[in-house]
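Welcome, and please open your viewer. We will go from one selection to the next and look at what is there.

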Amino acid sequence: MSAAAVVTGIGVAAPNGLGVDDYWAATLRGDNGIDLITRFDPSGYPVRLAGEVPGFEAGDHIPGRLIPQTDHMTRLALASADWALDDAGVDPATLPEYGMGVVTASASGGFEFGQRELQKLWSKGPEHVSAYQSFAWFYAVNTGQISIRHGMRGPSGVLVNEQAGGLDAVAHARRMIRKGTQLVVSGGVDASLCPWGWVAQIALGECSTVDDPSLAYLPFSEDANGYVPGEGGAILVVEDARAAAERGAGESYGEIAGYAATFDPKPGSGREPGLRRAIQLALDDARITAPDVDVVFADAAGLPEPDRVEAEAITAVFGWRATPVTAPKTMTGRLYSGGAPVDIAAALLSMRDGVIPPTINVDHPSPRFGIDLVRQPRPESLRTALVVARGNGGFNAAMVLKSPN
Amino acid sequence: MSGRRIAVTGIGVTAPGGIGTKNFWEFITAGRTATRTISLFDPTPFRSRVAAECDFDAAREGFSHQEIRRMDRAAQLAVMSTKESLDDSGFSPGEYYQPDRIGVSIGTAVGCTMGLEQEYSVVSDNGRRWLVDHEYGVPHLYGYFVPTSIASEVAWVAGAEGPVAVISAGCTSGLDSVGHACELIREGAIDMAVAGATDAPISPITSACFDAIKATTPRNDDPEHASRPFDADRNGFVLAEGSAVLVLEELTEARRRGAHIYAEISGFASRCNAFHMTGLRPDGREMAEAITTAMDEARINPGDVDYVNAHGSGTKQNDRHETAAFKRSLGEHAYHTPVSSIKSMIGHSLGAIGSIEIAASALTIEQGVVPPTANLHRPDPECDLDYVPCVAREQRTDVVVSVGSGFGGFQSAIVLVRPDRTER
């Protein structure tokens, strides 16, 4: 039988908390990390709210020489990777170099860095473009930089599956563990809160144009009017359970027990979207049935049609109001490739502490969806959690996490 | 699910020098070169003004007006190759495999760069505005922002409803995407995959960023001979665009269906050098490790390798790095194995080239012809293997190793074998 892949370390950089402890405390308090954008002047844009990671001074967290060559998202990712390895109690120098790999998700790359270089190119000329542009922007940068920083020479990878990619990357980490890699640093961090990234996000037409942070992102509500973009994400240390025990790691946060990904039928086909199937296949992969799942961390698109599709998938698998559903991302906004890894972190911490974090601001979940939306921290003994993520264009993914007990 | 094996049953290539697999193969086995002065934009202000462009016009190829607006050129190239590959495999969506048993894995290094830069120039008023103007943002800008859109387009063509992914590990993307698809088939998640890669990076920002690190060649006065891997006179790679897409099937299903099988993909591995984002160590250690691991997975020995399809980008650093890697992984056999770089003819299309090279490797097995390394007249003395200079070589080929190396430190290797090679 394959090796069990367990999460032994978590590093989080989220709009409502920097570091896993701050993030988790803020999440249980229901602290909203969404506010008016400060990174640039958003007043001329129809969308003005975002989840910005607070108080991150890159120089405090990563070597100064890396700062000129990295985008904000890579600095957050490098810091989060450090925290995750610390949390896991791993010193990479003591492990076999080919026994450690890195696989991250990305959505848009180092877009802010890219905007600066595009501006230099178009306004001043090619000789003004940074020598770092060739790798600071591209999607593979976080995997590359993390592997270099920690001397990890094993299998590596990068998945770009919009907002589902974070689950796909962690699932790929599990695949690498099963093929014999001892430790994989995984997850995703994105940050495209620059004017150029902002205009691209606005172009999709799915971002909320509401200016009140408590009313802008209301998934599963009749008032759902779009989502709020955010920045940040989570980096996880995933290990072979036996190898972790051998190196004397403490109890893990939990096991990556099941996963599946599906793709929706072509638009206009009239056939059922793929999300229900992704959830069912993930349960099958974990060899459990619906009643075994104690909580669902929803994708929570915040738009009427995708919310309906997700609610139908959840109720089709679990039954009408049968399993608690939550969306702590209502406190952070949607973090692109970083969103699902943060949800994995939240799910693992929920099981550790026996409490389901709340969905905030949704005072009136629509009764027609038939989901038990958790709106206050709910103490409950939790052994199995499901995380759902979807990506624009038809991507669905679901992951089952089991507590170590 | 061990025991499930991977057959290549369809090939589609859209490359410089010829659209379609047949044209591509004739072009590279003739030793011709498609490297020319850049025509897709005015290259005058740039250090390197050479590229290998595809003679591809979406309207001429039957793309609708809406598709042309919606898809970046990288997506168009991918869709073009996907259609050819599906046709070639004899598979039509809705037949044989259920949609949920079909997956997609598409590699790209830089996604929708051309579309992004074009739209940037509009919303920024040619770089004058930092607070770019959303009023000029076209609806499909989001699909350029997150290149996952490329895989959606491919999945719709293929009728795929299994796992669909974009893999973006820089210049090894096209190897890693195929490797990823093989893993999905092997573990039983799907029975068939549409797997390949695409890049259309020939745009000012790409040229500027490679100029800045002098990675691309300044041989502007002799573009047709500008890509010179392993030659003493080489001085950088030639940027290119293109795509290749393969149909992969679980071997017994492919046989049951009566599909034509070009080759079996029997091993894949990737490693990181954890050294430098753009630099390589001369010892080739991590690439050698990837090759050795892929050979182990394929259960072949170094002495079984009949041909190595090299990364061969034409930078001094790369050529020496990978020559060392071949010696390290194949030992003495490296000196008796033909090694060639098709980048000498069709340039370096970043993430796409890995899949194009896998297509070339499969065709090498089927046709018994090793494509040459063009422009190789005076080998670098430190590159002392048999690089098949200038002229293709007829040679029965049962086992091919194809490798890639990319920014970020990525090193990947894949093993293809003749389908009727001794059963394991």
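**First stop: a covered helix**

Select the buried residues of helix H6 (141-150) of chain A: they pack against helix H3 (72-88), strand E5 (100-105), helix H5 (133-136), strand E6 (156-159) and strand E7 (183-190) of chain A, and also against strand E10 (263-272) of chain B. Packing here rests on contacts, meaning C-beta atoms, placed from the backbone, within 7 Å. Buried means that 20 or more other C-beta atoms lie within 10 Å of a residue's own. Helices (H or I, at least four residues) and strands (E, at least two) are DSSP runs, numbered from the N terminus.

This is a predicted model: local features need pLDDT of at least 70, side-chain atom pairs count only at pLDDT 80 or more, and totals for chains, interfaces and linings use all residues. Residues are numbered from 1 along each chain as its sequence is written, while chains are lettered from A and ligands numbered from 1 in the order in which they are written.

Stay on H6(A): nine of its ten residues are buried, among them A:Val141, A:Ile146 and A:His150. Step just past the helix to A:Gly151, where phi is positive, about 65°.

**Next: a sheet in chain B**

Now select E3, E4 and E8 of chain B, an open, mixed sheet in that order. Its edge strands, E3 (35-37) and E8 (239-240), each pair on one side only; pairing takes at least two DSSP bridges. Between E3(B) and E4(B) (50-52) there are three bridges, in the antiparallel sense. Zoom in on B:Arg36 to find B:Ala51 opposite.

**Last: zoom out**

Show the whole of chain B, with its 13 helices and 16 strands. Its C-alpha trace spans about 60 × 55 × 40 Å along the principal axes.

Key
Buried ≥ 20, exposed ≤ 12 C-beta atoms within 10 Å, placed from the backbone. Contact = placed C-beta atoms within 7 Å.
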